[in-house]
Amino acid sequence: MVVEVSAKIALLPGDGIGPEVMAEAIKVLNVVADRFGHVLEVEEKLVGGAALDRVNSPLPDETLASCRDADAILLGAVGGPKWDDPERSIRPEQGLLRLRTELGLFANLRPVRVHPAMVGVVPLRPDIVEGADLLVVRELTGGIYFGARGRREHASGVQAFDTMTYSTGEIERIARVAGRLAGQRSGRLTSVDKANILESSRLWRSTVSRVMRDEFPEVQLDHVLVDAAAMYLIQRPTCFDVLVTSNLFGDILTDEASVLAGSMGLLPSASLGSDGPGLYEPVHGSAPDIAGRGIANPIGMIASAALMCRWSLKWTAAADCIEAAVACVLEDGARMADIAESGKPLFSTAEMGTKIAEAAAQLEVDTEEHQETPCVPT
Ligand code: IPM
Ligand code: MG
């Protein structure tokens, strides 16, 4: 059965390797859209440093309007050394932060899975990583990213400050997302904080406990301090299923967790609000050191497009097909610089995109299996 559904996507390639990996995601999306009878309407807009250079704003009004009007947003990456001067007042990253707040994208979901074909690539012992499959639910529109900050005179010179704030409302809504997702998975949830030191973490801990007790009694909750969580993630990652944590801790822990998958270049993410379009972007950044060399791994971006199909567009068969195509290509031994393995061919960004697109066009997909509407966590 072919269902004709059209979707409007705002494309924000951004900086560094963003445009290169975005091109491959579009290649794959076009294939699955064609295959499953969907129609993609895309509108490309400026964001980040690219927007700063052209129109002196990291999130031009036109870009924001296009995002609001879209069914979903695909973003490559923002930032780079060109705009890194610490004395700069406008920075590319502000475009992304503003987009997250303007659209109310408070829940950032970052799944980390060790694909069986990657076990030999991961720089940790296979017996440690085998079977690791976790989901980090990162709060995205609060915490120290958005608290009061500034500089002031101080006896010892200038003092700079950032503030980590959390309200019960902010904690409750992210706890509910995590509770729902834990319920759909193994029923285990780990909340990560620094409650032995931070007041915001103590409120976080008691609020998460209350929400779980009152609304998700079936979920088995435990609390882990962020320093210990950082250690457990690479020491015994299989003990985690769903993790929920604040903006800053989630930022740091997901870069660490990406090592489990083999490379940061493989990881997708979804940022969702309670309504409106979701934003999908790879976890990796703009990687300026490899930009323009044709070696950036497009899998994180392609997998983000799959999450977009699943959660925002409800194109379940297309999402399954993309994910299966990625798995199949990795199993076939296709490798890239960041996931190199001796004796296996090294692909360029475009070659990897093409190989995944070809697999997506040819893979056998049982459409009957894909009729269920996916449960959107927010
Ligand atoms: C991420 C990135 C961003 C963040 C930057 C680019 C603003 O590191 O999405 O993890 O810190 O949230
Ligand atoms: Mg980050």
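The model is predicted, with local features requiring pLDDT of at least 70, side-chain atom pairs counting only at pLDDT 80 or more, and totals for chains, interfaces and linings using all residues. Residues are numbered from 1 along each chain as its sequence is written, chains are lettered from A and ligands numbered from 1 in the order in which they are written, and side-chain values use heavy atoms, with hydrogens and water left out.

Student: How many salt bridges does a search of the whole structure find?
Tutor: A salt bridge is a side-chain nitrogen of Lys or Arg within 4 Å of a carboxyl oxygen of Asp or Glu. The number found in the whole structure is 23.

Student: How far apart in sequence are the parts that R138 and D251 tie together?
Tutor: R138 and D251 form a salt bridge whose closest N and O atoms are 3.9 Å apart. R138 belongs to strand 5 (residues 133-139) and D251 to helix 9 (residues 247-261), so the parts tied together are separated in sequence by 113 residues.

Student: Is R138 buried or exposed?
Tutor: Buried means under 20% relative accessible area, exposed over 50%, and partly exposed in between (1.4 Å probe, protein chains only). R138 has a relative accessible area of 1%, so R138 is buried.

Student: Which residue forms a salt bridge with D227?
Tutor: The N to O distance in this pair is 3.1 Å. The partner is K194.

Student: Which residue's side chain makes a polar contact with that of D193?
Tutor: D193 is in strand 8 (residues 188-193) and is buried, at 0% relative accessibility. A polar contact is a pair of N or O atoms within 3.5 Å; within protein, one must be able to donate a hydrogen and the other to accept it, and residues adjacent in sequence count only if both atoms are side-chain atoms. At 2.9 Å, the side chain joined to D193 is that of R205.

Student: What is the phi of N56, which is not a glycine?
Tutor: N56 sits in the loop between helix 2 (48-55) and helix 3 (61-69). With a relative accessible area of 54%, N56 is exposed. Its phi is positive, at about 60°.

Student: Where is A287?
Tutor: A287 also has a positive phi, of about 40°, although it is not a glycine. A287 is partly exposed, its relative accessible area being 22%. Its place is the loop between strand 12 (278-282) and helix 10 (299-311).

Definitions and conventions
Helices (H or I, at least four residues) and strands (E, at least two) are DSSP runs, numbered from the N terminus.
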